[in-house]
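I opened this entry to keep a record of what I looked up, one item after another.

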Amino acid sequence: MNQPAPFFAEHGWIILKGILSADEVNQLTRAYDEIIGPSLPQVSPNDVVQLPNPHERHPLFAQTLQHKKLWSSVRDTLGWHKIQLLQDVLLYRTAPSEGRVEWHRDHTYTAFLTPPILASVRVSLTHSRHQSGCLHVIDKSHLLDLSISPDIFGASIEGGLINSLEGSNNDISTHISAIELEPGDVSIHHSKTLHGSFENDTNETQKIIVHHVFDATCKLDPSKLPNEEARAHFPTTQTGHLAPSKFPILG
Ligand SMILES: O=C(O)CCC(=O)C(=O)O
């Protein structure tokens with residue numbers, strides 16, 4: 001493992017500008033619309049749609065898993081040699097939208113990988129702004145020693161977490177950063193960084209591709225899975241690493 005980019009190491013998040021070209025954004029937007037289109041009639045403006053595994057639904061998202069500039073930039077930023085995909089997800093908000101992803105940290109759901117070297121890599125296809133409810137992070141929160149129970153498959157997001165932090169000795173309330181992006185920009189956040197995203201008060205729908213990724217040296221700790229059935233979702237190699245046939249190596 002190399003050293004991560006100093007800004008990422010200190011803050012637990014980073015923005016990489018202009019990773020995808022305008023052409024690539026247009027092509028991915030068409031593919032995104034094809035996939036998400038059939039769900040739209042049922043989408044309420046109170047929802048944030050999350051559609052898993054776009055790389056299995058459209059070849060362009062599979063190609064994105066091998067995008068040289070994207071993944072070499074991410075590798076350099078994180079200081080990892082090999083990046084593996086845990087899951088990709090399309091995230092969609094209507095315009096306007098009341099939909100929120102409440103404050104949480106991804107580590108709550110991924111404690112079954114050890115050591116816990118994970119991050120989320122988000123590609124924005126639209127303008128992400130404070131007014132459009134873009135991702136907000138609590139700066140440096142990946143360094144906070146929080147005892148949040150690991151709820152690996154829990155549907156319950158940590159609503160109210162932010163309030164409890166404000167009531168504690170951590171002076172974090174002034175350190176909320178809005179991750180504002182242009183189409184083709186990428187943001188990365190550490191799996192222990194507290195984050196959430198909020199109401200869209202603009203007339204632009206919000207289209208994001210999220211990649212939950214891990215360092216290929218992580219191993220599965222089956223004892224952290226809730227039951228035997230869950231084990232079937234995580235095929236491993238003989239060395240206990242997640243199988244690249246199901247969890248592809250990126251770039
Ligand atoms: O992009 C968003 O609005 C939320 C993303 C998120 O929660 C994540 O990447 O874990």
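I first looked up K17 and found it in the loop between β1 and α2, where strands (E, at least two residues) and helices (H or I, at least four residues) are DSSP runs, numbered from the N terminus. I noted that the model is predicted, that local features need pLDDT of at least 70 and side-chain atom pairs count only at pLDDT 80 or more, while totals for chains, interfaces and linings use all residues. Residues are numbered from 1 along each chain as its sequence is written.

Is K17 buried or exposed? I use the rule that a residue is buried if 20 or more other C-beta atoms lie within 10 Å of its own, exposed if 12 or fewer, and partly exposed in between, with C-beta atoms placed from the backbone. K17 is exposed because it has 9 other C-beta atoms within 10 Å. I also noted that K17 and S187 are 170 residues apart in sequence and 8.5 Å apart in space, C-alpha to C-alpha.

**Two buried valines**

I turned to V74, which lies in helix α4 (residues 68-78). V74 counts as buried because it has 23 C-beta neighbours inside 10 Å. Not counting residues up to four places away in sequence, V74 touches I83, V121 and I188, where a contact means that the C-beta atoms of two residues, placed from the backbone, lie within 7 Å.

V48 is in the loop between α2 and β2, and it is buried because 20 other C-beta atoms lie within 10 Å. Leaving aside neighbours within four places in sequence, V48 is in contact with L91, R93, G99, R100 and V101.

**Sheet and helix**

In which order do the strands of the open six-stranded sheet lie? I read the order as β1-β9-β6-β11-β3-β2, with antiparallel pairing, two strands being paired if DSSP finds at least two bridges between them. The edge strands, each pairing on one side only, are β1 (13-16) and β2 (49-52). Within the sheet, β6 (residues 118-124) and β11 (residues 206-215) pair in the antiparallel sense over seven bridges, and the bridge partner of S124 in β11 is I208.

**Around the ligand**

I listed the residues around the ligand as L91, V101, D106, S120, R122, L135, H195, S197, I208 and V210, each having its C-beta atom, placed from the backbone, within 6 Å of the ligand. The elements that give two or more residues to this shell are β6, β10 (195-197) and β11.

**The chain as a whole**

I counted six helices and twelve strands in the protein chain, and 35% of its 251 residues count as buried. Residues 24 or more positions apart account for 87% of the contacts with a separation of 6 or more.

The chain averages a pLDDT (the predictor's confidence in each residue, from 0 to 100) of 90, and 88% of the residues score at least 70. Over residues 149-159, however, pLDDT stays under 50, and the model has 22 contacts beyond four places in sequence for this stretch. Where pLDDT is low, the predicted coordinates should not be read in detail.
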